[in-house]
Amino acid sequence: MLNTERIRLMTRLAAYEQGEGKEYMPMSQYYRGDYVGIQMIKTFLYSTIAFCIITALSILYRLDDLEKMLYQMDYYEYAKGFVVKYILFVVFYQVIAWIVANLRYRKGQKKQKLYYSRLKKVEKLYEREEKMLPVD
């Protein structure tokens with residue numbers, strides 16, 4: 001005889017594994033600090049690349065004025081301003097990455113707890129069914 005409650009739970013579990021679970025299950029292998037750290041390292045690399053691209057595009061945009069700028073600018077002040085802009089850019093994105101990674105991890109933990117509680121229910125239903133079956 002089919003157990004409709006068990007079938008519903010198993011269907012929900014399978015849907016979770018195919019959908020949201022693909023994102024949240026690998027996340028559950030890490031402690032929160034490790035997961036957030038990995039995300040912040042990725043963000044650092046991507047924000048550095050983005051800053052370099054933005055800088056390159058800005059130089060290309062001002063290519064006509066580059067010759068004038070090279071002879072008239074104070075290199076020390078320019079380098080100092082460049083480093084300050086880079087640090088502010090990276091710190092801004094690091095803060096955003098920290099917030100987003102923590103929120104994702106919390107949401108993932110809640111979803112994983114729900115998943116495992118449903119999995120335990122299915123296991124209990126199997127055990128109950130096995131007890132009801134006559135032994136040959």
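How are Glu77 and Lys80 separated in helix H5? They sit three residues apart in helix H5, so about one helical turn separates them.

This is a predicted model, in which local features need pLDDT of at least 70, side-chain atom pairs count only at pLDDT 80 or more, and totals for chains, interfaces and linings use all residues. Residues are numbered from 1 along each chain as its sequence is written, and side-chain values use heavy atoms, with hydrogens and water left out.

**View 1. Glu77 and Lys80 form a salt bridge.** A salt bridge is a side-chain nitrogen of Lys or Arg within 4 Å of a carboxyl oxygen of Asp or Glu. Here the N to O distance is 3.8 Å. Glu77 is partly exposed, at 42% relative accessible area. Lys80 is also partly exposed, at 42%. (Buried means under 20%, exposed over 50%, partly exposed in between, with a 1.4 Å probe and protein chains only.)

**View 2. Lys111 and Glu20 form a salt bridge.** The N to O distance is 3.5 Å. Lys111 lies in helix H5 (residues 75-132) and Glu20 in the loop between helix H1 (4-18) and helix H2 (21-27), so the pair ties together parts 91 residues apart in sequence. Helices are DSSP runs (H or I, at least four residues), numbered from the N terminus. The structure holds two salt bridges.

**View 3. Ser58, Ile59, Arg62, Met69 and Tyr78 line the largest cavity.** A cavity is a set of points on a 1 Å grid over the protein atoms alone where a 1.4 Å probe fits but cannot get out; lining residues have an atom within 4 Å of a point. The volume of the largest cavity is about 40 Å³.

Conventions: Helices (H or I, at least four residues) and strands (E, at least two) are DSSP runs, numbered from the N terminus. On a 1 Å grid over the protein atoms alone, a cavity is a set of points where a 1.4 Å probe fits but cannot get out, and a pocket is an open set with protein on both sides within 12 Å along at least five of seven lines; lining residues have an atom within 4 Å of a point. Grid points are joined across faces, edges and corners, and a volume is the space filled by probe spheres set on the points.
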